[in-house]
Structure formats: C-alpha cells, structure tokens
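Here is a short walk through one protein model, meant for someone who has not seen it before. Please keep the sequence and the structure in view while reading.

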Amino acid sequence: MQFHHHGYVSSDPRIEDAAGTGINRPEDLPERVDVLIVGSGPAGMIAAAQLAKYPDITTRIVERRPGRLKLGQADGIQARSVETFQAFGFAERITAEAYRITEMAFWSPDPANPEHIARASVALDDGTGEISEFPHLIVNQARVLDYFAECARNAPARIEPDYGLEFIGLSIDRSAEYPVTVTLRQVSGEREGETRTVHAKYVIGCDGAHSKVREAIGRQHLGKVANHAWGVMDVLATTDFPDIRTKCAIQSSSGGSILHIPREGGHLFRMYVDLGEVSADDNRQVRQTTLETTVAKANRILHPYTLEVKDCAWYTVYEVGHRVTDKFDDVDPGDEGRVAPRVFIAGDACHTHSAKAGQGMNVSMQDGWNIAWKLGQVLSGQAPPELLATYSEERQEVAQNLIDFDREWSSLMARPTEEFEDPRELADFYVKTAEFPAGFMTEYRPSMITGDTRHQALATGFPVGKRFKSAPVMRVCDGNDVHLGHHATADGRWRLYAFADAGAERLNRWAEWMLDDAASPVVRFTPDGADLDSLFDIKVIYQQTHGDVEFGPSIPPLFQPRVGPFQLIDYEKVYAIDPRQDIFEARGIDRGGAVIVVRPDQYVSLVLPLGAVDELATFFEANTREPAQPRRCRRR
C-alpha cells in the first residue's frame, strides 16, 4: 500500500480524500446522474466500488431492500475473485474470516455394504499449486458486499447505496443528453409510496434473476429448468459424519446425493440435498418441501451417519435452471456500431444456473467490473464510446461457457451411482476441470481492447485475452519478495509490464521512446500537468537479481516517475527476478525482452517486442482519447 505522497497520513490510509462528486455528496437521489446502478448485489456493488474511483462521474446505486443484506445466498469465493479482492484492497481481511477449501472428499456406496456410504477418494483443490496463489474460500455473500460497500464509501466519489427504492421501468430517448429516464418507487422510509424519476446517461441493471431492467429493454432469458430439485440449508448441527469440516460430494445407493460445504466460523455448514426429479406438472409444489423433510432426506443419504440440526440460519428449495439472456445491453442485434448502448445488465439478470459449481457470485462480480471500468473510461473522456459495445460481446460468451460447464457438473451430481461406469468419474471431473470453476478459463476474443497473438511466443505464460497470471519477483528498492500482479489496484489504469532484455539496451530505447516521442501513449494521452503514471502504470522487470540492479541513472526516468503535489519519486516500479522462481522462466518470457499490456480489469490485451513501438501506439490510438492538452514530451 502506498500513501503519504500527498502529505503525511496518520489515519486509515484506505480512506481516500473526497474529490469531485464525493465532496458534499447530496444525501437525496439527484434527478440527473451519469450512471444509475439498479441492485446492490455482487455485480452492482463491485461496479459501485470501481466507479467510486472516478470522482468526476455522478454514480448512484439504488436498492429495494431497506438496508444492507443480512443473509446472503451465495457463499463460494473462487480464486479469481480473491485475486479481484486483492485489487480492491481487502483480500487479506476477507481471507482471515473465511473458510478455506483445500481439498474435496468424495463419498459413495461402500462396496462391502452399499446401504452405507464410505469415503472413496480425496482430491486436492489445487493439486498442482499452479492455478493460483490465491485460495478458494467460503464466506457469506453479505460480507463480500460489506467490503465492496466500504471500498465505494472510502473512495473519492463516496458512493453509498440509496436503499428503499424499487425499479419500476425506463424509457430511452437517444437524442437527449441524459437518454435514460428511470421510474423508481420508494418502498420504505419516510417517503414510502412516492414515485421518483431519474435521468441517467447510463443504467446498469444488477437486479437479479427476475430483473425488471432486463424486461424493460426487451431482453429474453433463454433456457429451461432441469426438473430436478435441491433443498439447501445453512445449519448448526451435531453429527458423527467424519468429514463435516471438509467439502464433500456424497452419493448414496438409493437416497440421492449431497453437496456438503463447510462455512466460515468453524461450526456452520451448508448442504445441498438432492430432492430428486420433479414432474413436469408439479407446478412448483416441490418448493413447499419442509426443512424437516430435507433433514430426513439428508440422514438417509448419510447413513450410517446421523445429523441432528440444532439451528437453521437459512433454508430454501430450488429447481436447477440454466438460462442466458440473448444480449447484455439494449442494442438490438444488427444495430451494433450504429446505435450506442445505454443500458446494461449484469449478474443473475443475464445468467442463471445451479449453485453447486459456486459460480454465480464470482461471474457476476466480473460482469460488474467489466462494465464499470469501461463506463469510467468513457465518461471521464479517456476512451471512445465504442468501448462500451465490448461488454456484451465479452461477457455473454463467458456466461454461455459457464452454463455449459454447470449443466455437466450439476447433472453429474444428480446422476444415480449405478449409472457411473467408474466410481471415480465425479472426482476425476472435479480435478480435470479445476481451472474453470476457479475463474481462470475466461479468454476474451480480439477486439479494440484485446489484440492478436502474433507475438504470443514472447510471453507464453501471459496468454492474450486471459487474466494476467502473477508471479513472484523482488522489488529492487527494498529487496521485498512480492507478487508482480498484486500491486495492480482497481484504479482504472492500464498496466504495462516491460520485461528487460539481458543488457537492457532494447528496454532503454523503449523507455526513451515512451517519454520522448509524440506518438507514445504516455505523451499523447496523459493530460498536461497530470502525474506521469496517472493513466499508465508502467513497471520494469530486469533479468538480474535485485542486488545487481541499483537505482540511479542506469534506470530510465520512465520507471522513476514523480507523483503527487510534492513530485516524490515512486520507487515501486522497478523489479528484479526472484532467484527461487525466475519469472522469465515461469511465464515463458523471451530473454530478448517483451512488453505485456494489461487492461484495468487484469486481462492481457497485448504481447509485444520491445521494439514494436508502432504497434503499441496504434493499439492505444484505437481505444484512448487525447485530452484537450496532452502532456509535452521532454524533447521533440
């Protein structure tokens, strides 16, 4: 964490100074806003936390509930989400209170006595340790929202939810300065029953599976229910089942199956209990299944072990459904490029699936982050409006891939044991597909912000279109061993990682061009008077160990930028290899050097040789706007 560059700080450094719209922020919802977020679930709150970093943008988030969520439904936090939490500054704190999944036990009928279950195998959650340095966690969704709310509240724009407001409908007049007119109703508080009208430049609908925003823009939720029901309970109980504090997939010979997930706190756990097939004419009667019935079914599946429930924190019955919305914005198919999107949907509003793969909250957060940084860039004048069309293109494909995966996983969980050719099939699928549910198989296609792969061989471990996979390095200024990617905060900046050639000759020429040429993105797009790294966070990684790299004239000024009102040197841009795990070897970096361009949401946009300055200039020319007064290069 870096601070003091704007003056001495003795209070909580996570609380940034209010700026722009965050100064004297009105308590009452204004009639005109730049961005209106509908719904304060995972997608909505991460969007608010990101947009709170843009103090010149008026963002408000409305929520039907009268206050914070007290009991969340989702609880699975995949490693990609913890990586995201790191960018927002709370990965360590939430990890400390969460339950950490390190392995999964698979139980099936005992071959010697099929009426009993027996442990068949145990699979490590990340057996190779290569998927991520971040853990797989279980923690209440309400706590995730609390942390994002803290981020939004402490950021310059000082965003907090406006509770007790229900979305009624919207209309769009694309010729207006604030094209989206939103009707809201006050459903709690002193003004209960009143109707409110808000005019917005953009709306993000994060209002769940029954989204009214989705309906308002005429989008269709496509898919079907799988006619299979599950009872879900968060309980405190006594039991003689030995793996009660281990994640388990439990299959019985006749009683169905259970997905068992320990919860945070050491005592609570969740069980997804198989209630069996549902007839087509059930008319949702299965949803009336009582807790007592579900507990009895759980005991039949667990036999010979028993479960005595002492307290139930939450219980529901759901039928597995797999649905993806036909489009994630308000632009009709065929009108892309001609009509600019103004309304977007995210999270459960555009994709629903079973809860057993632990993906709902995780994918929803990536939806919200994806659209939020893009809106931030466009509304702050840093990017052209065309950038917003990439949201639906990118996230709809991700949602469809999730549905395909979840359909296979949930059907395996529900399959009777006698239908498995190999009793290890479920465990093998879990291990084989571990990278997908962890959140690391997203791969964006080429677009204005994702380049081609012609230079991929220069950095095979940083695939273009996939998230930037961090690796250990040594920080030169203090000899600290750190993860290179962990210094990238959710501040809306592009990241450029310059991997030096052995003698640094090519690197030095690249760094000189970045500061001295009018075509350089730093020179062309950084506003005059702004800090050198205000738009582009540029770091260098040398091939030597940190003891062989010394601050001084040999390190280009690009990597020693002066920041803040006192123009202090930022010493945390210069890195060397960690001799225990050379990042050049670990990530397949060519010894001739390379430049890795990374989006504000941590996905790799481009891999380039150090000499490909024209390609770098062309890339940013397409997706970045020049300020009214660009930065002057040091010499022409």
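The paragraphs below look at a helix, a pair of strands and a residue in a loop. The model is a predicted one.

Begin with helix α2, which spans residues 79–88. Most of this helix is covered, with 9 of its 10 residues buried. The buried residues are A79, R80, S81, V82, E83, T84, F85, A87 and F88. Several elements contribute to the cover over them, including helices α1 (42–51), α3 (91–97), α4 (141–154) and α7 (360–379). Strands β3 (76–77) and β7 (136–138) are also among the elements that cover the buried residues of α2. Directly after the helix comes G89, whose phi is positive, at about 90°.

Next, turn to strand β15, residues 269–277. Of its 9 residues, 8 are buried, so the rest of the structure largely encloses this strand. Its pairing with strand β14 (residues 257–262) is antiparallel and runs over 5 bridges. One of the residues involved is Y272 of β15, the bridge partner of L259. The two strands form a hairpin with 6 residues between them, and in this hairpin G265 has a positive phi near 100°.

The last stop is S188, in the loop that lies between β10 (180–186) and β11 (195–205). Is S188 buried or exposed? The cut-off for buried is under 20% relative accessible area. S188 has a relative accessibility of 19%, and therefore counts as buried. Leaving aside residues up to four places away in sequence, S188 touches P66 and G164.

Conventions:
Residues numbered from 1 in each chain as written. Predicted model: local features only at pLDDT ≥ 70, side-chain atom pairs only at ≥ 80, totals over all residues. Heavy atoms only, no water. Helix = DSSP H or I, 4+ residues; strand = E, 2+ residues; numbered from the N terminus. Buried < 20%, exposed > 50% of the residue type's maximum accessible area, 1.4 Å probe, protein only. Contact = heavy atoms within 4.5 Å. Pairing = 2+ DSSP bridges.
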